[in-house]
Structures are given as C-alpha cells and as structure tokens.
Amino acid sequence: MTLSKNTKMIEQLNHRLRLTLADSRVMVGQMLAFDKHMNLVLADCEEFRTVKTKGEAKGKAKQIKRTLGLVILRGESIVSLSVDAPPPASAASRQAKAALAAGPGVGRPAGRGIPMAPPGMPPPGLAGPVRGMGGAAIAAGPVSFARPPPPMGGPPGAPPHGFRPPMPPPGFRPPMPPPGMGPPGFPPQPPAGFQPPYPRPPQGPPS
C-alpha cells in the first residue's frame, strides 16, 4: 500500500462505507480499522444480496437484507469502495479532540478546591476548630504524644495500692502442709520424734 493510499484510507476511518464484493454482495458498515492488505473491520455491518425470484414473478430481481454486526473482510474479496455516510457525531468529536494541539497549561492536583499545605503541616481543614465555631483555633505545631502515668508507689511487680486478694469460697479449707513444714509465715517444725543433740561439755586446755 502506497503512502497516498494509506493517507486516503485514514481519512475514511469511522465513515460508513459501501463495499461491493467479488460475489456481487454489497456490504455497508462503519470502518473501524484496516491494514496494508486492505483487510477491513466494519461495525454495524449490513449485507445486501440480489437474487432472482422463481415462479410467477420469474426473472424479477429481489434484494435481501441481513444484519451482520461486527465483520472482518478480506481485502482480496473487495471490488469497489465508496463513502455511504459521514461518521457519527461521537466519532467526529473524538477525531476533533485528537487533532487539537496540546496547550501550555500544566496539570496539578487541586484537592477539591482546598489549597495544598506545606510539607510537615496539616491541611487547612484538619488544623483544628475555627474560632467561634466549636472553640478557639489551635495553633498548628509539632504533634506531642501523652506519656503514661507514673506508677503508684511500691516496688516493681507489687500489686497496686488498694488491691485486695479475692476471698476463698465458703467451705474452702487450705491444704495441710507436709510433715515438718509449718503454716505459711512460721518457721519449719522438726519432724516427730526428733531430739536435738546434747551440747558437748566444754573442754579445757590440754595439760
């Protein structure tokens, strides 16, 4: 396909074309794409065939219409091509927008009309209450975090002040300590039958 032929085909994009095929069928549709082999892609395509009637009206031609939709045609089967209608309004507007040159403007985020805050500062809508509406305005500044409260007296690991251990249920009896062990808080007792050793008499210096 030569350059001039390619340019002419580009100008016919989105136009509604009428194509005559080698088997005498006529195809009418909107051209969406083409290639160097003249293979075409048609949208909303309709097929028209002319057939001869039989019977009493013998010899009269009759045209049959059939809706096909999206069609791909081989270029070797196309005999002639002509423009049947201009492109639709939506396609024409897309072509016009694509032909517009880019302007000198620069796209920037607007944030729904709220001016951008400098780095490290909260946005204007999150700086605090406005004076006269919910309280006095709070000056924007560094964010400070609260410290945990100081511990309530006592060594580390001790229960807090005012803590009371839970009471045992009614009828609960603490287990008896093993032999030789006294109750909690008392020194251990010697086992039954234990006799302490008698003290040895003092010995004087050797004579």
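**Close-up views of a predicted model**

E47 sits at 1% relative accessibility, so E47 counts as buried (buried means under 20% relative accessible area, exposed over 50%, partly exposed in between, with a 1.4 Å probe and protein chains only). This is a predicted model, where local features need pLDDT of at least 70, side-chain atom pairs count only at pLDDT 80 or more, and totals for chains, interfaces and linings use all residues. Residues are numbered from 1 along each chain as its sequence is written, and side-chain values use heavy atoms, with hydrogens and water left out.

**View 1. The salt-bridge network around E47 and R25.** D23, R25, E47, R49 and R66 are linked in a network of salt bridges (a side-chain nitrogen of Lys or Arg within 4 Å of a carboxyl oxygen of Asp or Glu). E47 pairs with R25, their closest N and O atoms being 2.6 Å apart. That pair links distant parts of the chain, with E47 in strand β3 and R25 in the loop between β1 and β2, 22 residues apart. R25 also meets D23, at 2.8 Å from N to O, while E47 meets R49 at 3.9 Å, again N to O. By the same rule, the count comes to 7 salt bridges.

**View 2. The β1–β2 hairpin.** β1 and β2 form a hairpin with 4 residues between them (strands are DSSP runs of E, at least two residues; helices are runs of H or I, at least four; both are numbered from the N terminus). The two strands run antiparallel and are joined by 5 bridges; strands pair if DSSP finds at least two bridges between them. L17 stands opposite G29 in β2.

**View 3. The β2–β3 hairpin.** Next along, β2 and β3 pair in the antiparallel sense over 7 bridges, and M31 has L42 in β3 as its bridge partner. This hairpin has 5 residues between its strands, and M38 in the turn has a positive phi of about 65°. D35 lies in the loop between β2 and β3 and is partly exposed, at 28% relative accessibility.

**View 4. The nonpolar core around L19.** The largest nonpolar core has 13 residues, and those with the most contacts inside it include L19, M27 and L73. (Such a core is a set of buried Ala, Val, Leu, Ile, Met, Phe, Trp, Tyr and Cys residues joined through side-chain atoms within 4.5 Å.) Elements giving two or more residues to this core are β1 (16-21), β2 (26-34), β3 (40-52) and β4 (61-73). Leaving aside neighbours within four places in sequence, L19 has contacts that include M27, L40, L73 and I78; contact means heavy atoms within 4.5 Å.

View 5. N14 is found in the loop between α1 (3-11) and β1. N14 has a positive phi of about 70° without being a glycine, and is buried, with a relative accessible area of 16%.
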